[in-house]
Amino acid sequence: MLVAALLLGAAPARAAHPALVELRVVFREAGGASCIGAGVAIHLGQGLFLTAGHLVDPGLARREGCPGAALEPERPPVLLLGGRQVPAAVLRRVAGVPTGDAEPGWAYPGWQDLALLRVAVPPAGMAALTPCGTDPAPGAMLRIESLRRGAPAALRALERSGRLGPARIDGTMMVLDGPLLAGESGGPVLGPGGCIAGVISARQGDPAGRLGFAVPAAAIRAFLDRQ
């Protein structure tokens, strides 16, 4: 079963890559109770941050332990910058499409499980990452980076995938022959030279171990270039 790499109420356990920050989103249930979703955001420069779209998607929150939840409109997502919680505006995200029991990435057309955020004051001197110019070839060794760890992972495939639901959601996904951990959604898969080869979207159980899924660089570039 595919599950979102979303962690509720977790804290980073290692010194993170200097371009990464923790993203927190508050979801409120109909009865007034709340829970916190957490993931990773990648600094692209000038106060812009890239993350997984399902982290700020209220529709996905309903499948992550907050039944009936909705994103609190008066409490935007926050990024943990310099020990402070800094509000971030959601500039752009791809709307998820209802697909029955499908989990992230299949809920997003073109596998673009992505969101672009901006903070009002760009963080001075913070490192930044950029998407790779081309997608790596299957078999390439990449590196998963998150707030919890850095780990090598082989690119098993760039696979064309679709799922039938109320709509068919087709798109190219990056299949990683390596495990992902809860809370790593939104983190980068780094290619040669440290560019963003993918953005972590989901993980899946597999008889031989664990597979990870990420939004590939071509989809990231298309998302960022869209007007």
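**View 1. Overview of the chain in the predicted model.** The chain contains two helices and 16 strands, and the model shown here is a predicted one. Of its 227 residues, 50% are buried, while the accessible surface of the chain comes to about 9,600 Å², with carbon and sulfur atoms providing 55% of that area.

View 2. Leu155 belongs to strand E12, which covers residues 150–161, and it counts as buried because its relative accessibility is 1%. Leaving aside residues up to four places away in sequence, the contacts of Leu155 include Pro136, Pro138, Leu142, Met174 and Leu176. The C-alpha atoms of Leu155 and Leu176 are 4.8 Å apart, although 21 residues separate the two along the chain.

**View 3. Salt bridge between Arg156 and Asp177.** The side chains of these two residues, Arg156 and Asp177, meet at 3.3 Å, N to O. Arg156 lies in strand E12 and Asp177 in strand E13, so the pair ties together parts that are 21 residues apart in sequence. Arg156 is partly exposed at 41% relative accessible area, and Asp177 is likewise partly exposed, at 43%.

**View 4. Salt bridge between Glu184 and Arg149.** This pair, Glu184 with Arg149, meets through its side chains at 2.7 Å, N to O. It links distant parts of the chain, with Glu184 in the loop between strands E13 and E14 and Arg149, 35 residues away, in the loop between strands E11 and E12. Both Glu184 and Arg149 are buried.

Note on methods: Residues are numbered from 1 along each chain as its sequence is written. This is a predicted model: local features need pLDDT of at least 70, side-chain atom pairs count only at pLDDT 80 or more; totals for chains, interfaces and linings use all residues. Side-chain values use heavy atoms; hydrogens and water are left out. Helices (H or I, at least four residues) and strands (E, at least two) are DSSP runs, numbered from the N terminus. Buried means under 20% relative accessible area, exposed over 50%, partly exposed in between (1.4 Å probe, protein chains only). Contact means heavy atoms within 4.5 Å. Accessible areas come from the Shrake-Rupley method with a 1.4 Å probe; for residues, only the protein chains shown count as cover. A salt bridge is a side-chain nitrogen of Lys or Arg within 4 Å of a carboxyl oxygen of Asp or Glu.
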